[in-house]
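Please read it with the sequence and the coordinates at hand.

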Amino acid sequence: MYAGVILLVPSHAPDCSIGGQEFWITFDTGSSDLWVVSSDCTNPDCQDITRYSSSSSSTLTLSNQSFELTYLVGSVLGTVGTETVTLGPYEISSQTFALANQTSGLALSYTGNSGILGLSFPLVASIPLTSGTPILDNLFTHFDDQHRFFAFKLGRNESQDISYSDSSLTIGELDSSLTNDTSQFAFTPVFASTPGEYDFWKLPIQQITINDQVLSLSRSLVRGAPSPIAVLDTGTTLILGPTADVNAFWYAIGTGGSTRYDQQTETWQVRCERAVDVRIKLGNSDTAKEYPLHPEDVNWAEVETQDGWCTGGIQANNGVDSGDWLLGAVFLRNVYVIHQGKTASNPPMIGLLNTTDPSAALAEFTSSRGQDPAPPPSLLRAGSSATELRDTLATCLVCGICGFLVGAIGIMIYRHRQRRRSQGQVHI
């Protein structure tokens with residue numbers, strides 16, 4: 001069976017059926033486990049959402065194995081079991097999943113979603129592989145090499161009614177309303193620190209530009225990476241990167257006092273009318289392509305303050321250990337992404353297709369937010385980063401201190417010798 005299934009399109013049906021019970025769930029490329037909230041979950045995060053009832057299923061098998069998973073924000077605790085899972089026309093019997101008895105910080109009540117379906121690689125699954133195969137691998141068994149992929153397009157026009165979304169997730173085929181031509185995509189092998197061992201959907205970042213000025217990036221902390229590594233993560237809202245680089249980014253944009261750092265929330269804020277052309281170049285050095293961001297993704301108005309300040313779509317987080325950068329929804333809204341599984345002839349691949357016209361996006365942003373009165377962005381010098389600035393200042397400070405000490409010691413020795421000469425006690 002090679003026909004694909006569009007799982008997230010404008011519709012009025014839940015995404016997933018588990019044991020005959022239907023749920024709205026989050027599809028997450030930044031994790032690998034499937035879990036759903038149990039009727040035993042009573043903490044506030046579980047309120048006002050559909051919960052799985054063990055007593056209503058005849059196909060559930062529970063184990064005595066506990067389940068614990070901590071995300072970048074939020075966590076979940078529960079019990080591992082197996083159940084019949086249905087996604088579109090695909091039914092998987094005895095699929096390993098977890099019943100969540102406790103969740104925290106996941107805003108489930110706000111989103112209306114009852115769980116998370118992870119679409120990353122088995123290596124990072126919290127449920128041991130000895131307990132069962134992650135759902136993505138089970139889904140891929142339905143397809144031959146040519147169709148062993150899923151494709152994401154995150155929409156912009158999300159409704160408060162969770163039954164509507166202009167996002168799209170397809171398995172085994174492309175969404176024909178977007179394109180049917182895979183040759184339009186730029187493909188990059190998924191980066192692996194150890195050959196053949198894949199954890200997340202990762203690829204290199206070659207550069208980030210602000211109005212055509214190159215922002216120099218810190219060296220990668222990922223073993224074996226020749227350049228910074230980005231993780232594509234539908235489960236993260238913003239773009240997250242190293243503090244030094246993110247600070248340099250907002251300092252460059254902040255000409256005319258158009259950015260500020262909120263110490264209380266530890267986030268960068270930007271004037272809501274600030275319009276900049278930001279592009280991220282992704283892929284291996286010989287095949288990398290540039291992907292522009294819509295200005296509304298850099299200048300995020302979803303959390304607008306009353307005094308005209310918005311939240312920056314790029315924020316600092318040094319707690320990311322899977323890569324150097326996380327590219328969340330504010331990046332993914334600008335591309336159509338193919339996640340190609342491993343085949344007999346190729347490693348896993350990421351295919352990217354640009355969907356944002358920077359000129360049209362700027363015109364749309366200006367029409368919505370008004371004209372930007374601030375001066376153009378300016379880097380401290382071409383290619384400078386906050387890391388380099390910090391190191392330069394530190395070096396200058398150390399040199400200055402050393403010079404002061406050497407000078408002071410020299411003066412003391414000179415004065416001491418002068419006193420001894422006047423007393424006839426100088427011996428050379």
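Is C46 buried or exposed? In this model, which is predicted, C46 is buried, with a relative accessible area of 0%. Its partner is C41, to which C46 is joined by a disulfide with an S to S distance of 1.8 Å, and C41 is likewise buried, its relative accessible area being 0%. The torsion about the S-S bond of C41 and C46 is about 60 degrees, so this disulfide is right-handed.

**Disulfides**

A search of the whole structure gives 2 disulfides, and a disulfide is a covalent bond between the sulfur atoms of two cysteines. Besides the link of C41 and C46, there is a disulfide between C272 and C310; its torsion of 110 degrees about the S-S bond makes that link right-handed. When the bonded cysteines of the protein are numbered in sequence order, the pairing reads 1-2, 3-4. The table sets out the two links.

| Disulfide | S to S distance | Torsion about the S-S bond |
|---|---|---|
| C41–C46 | 1.8 Å | about 60 degrees |
| C272–C310 | 2.1 Å | 110 degrees |

Because buried means under 20% relative accessible area, C272 counts as buried at 6% relative accessibility, and C310 counts as buried at 1%. Another cysteine, C16, also counts as buried, at 2% relative accessibility.

**The sheet around β18**

How are the strands β17, β18, β22 and β21 arranged? These 4 strands form an open sheet in the order β17-β18-β22-β21, with antiparallel pairing. β17 (259–262) and β21 (299–300) stand at the edges, and each has a single partner strand, so one side of each is left without a neighbour in the sheet. In general, strands of a sheet pair through backbone hydrogen bonds, either parallel or antiparallel. Between β17 and β18 (residues 267–271) the antiparallel pairing extends over 4 bridges, and within it R260 stands opposite Q269 in β18. Helix α3 (residues 243–253) lies across β17, β18 and β22 (309–312), and it runs at about 15 degrees to β18.

**Nonpolar cores**

The largest nonpolar core holds 78 residues, of which L282 and F331 touch the most other members. Helix α3 supplies the largest share of this core, namely 6 residues. When residues up to four places away in sequence are not counted, the residues touched by L282 include L203, P204, I205, A230, Y291, L327, F331 and L352.

Which residues does T84 contact beyond its neighbours within four places in sequence? T84 is found in strand β7 (residues 75–87) and is in contact with S17, I18, G19, T59, E91, I92, S93 and S94. T84 is itself buried, because its relative accessible area is 17%, and the cut-off for that class is under 20%.

Technical notes. Residues numbered from 1 in each chain as written. Predicted model: local features only at pLDDT ≥ 70, side-chain atom pairs only at ≥ 80, totals over all residues. Heavy atoms only, no water. Pairing = 2+ DSSP bridges. Helix = DSSP H or I, 4+ residues; strand = E, 2+ residues; numbered from the N terminus. Contact = heavy atoms within 4.5 Å. Axes fitted to C-alpha atoms, helices over the stretch in contact; angles between N-to-C directions. Buried < 20%, exposed > 50% of the residue type's maximum accessible area, 1.4 Å probe, protein only. Core = buried A, V, L, I, M, F, W, Y, C linked by side-chain atoms within 4.5 Å. Disulfide = S-S within 2.5 Å.
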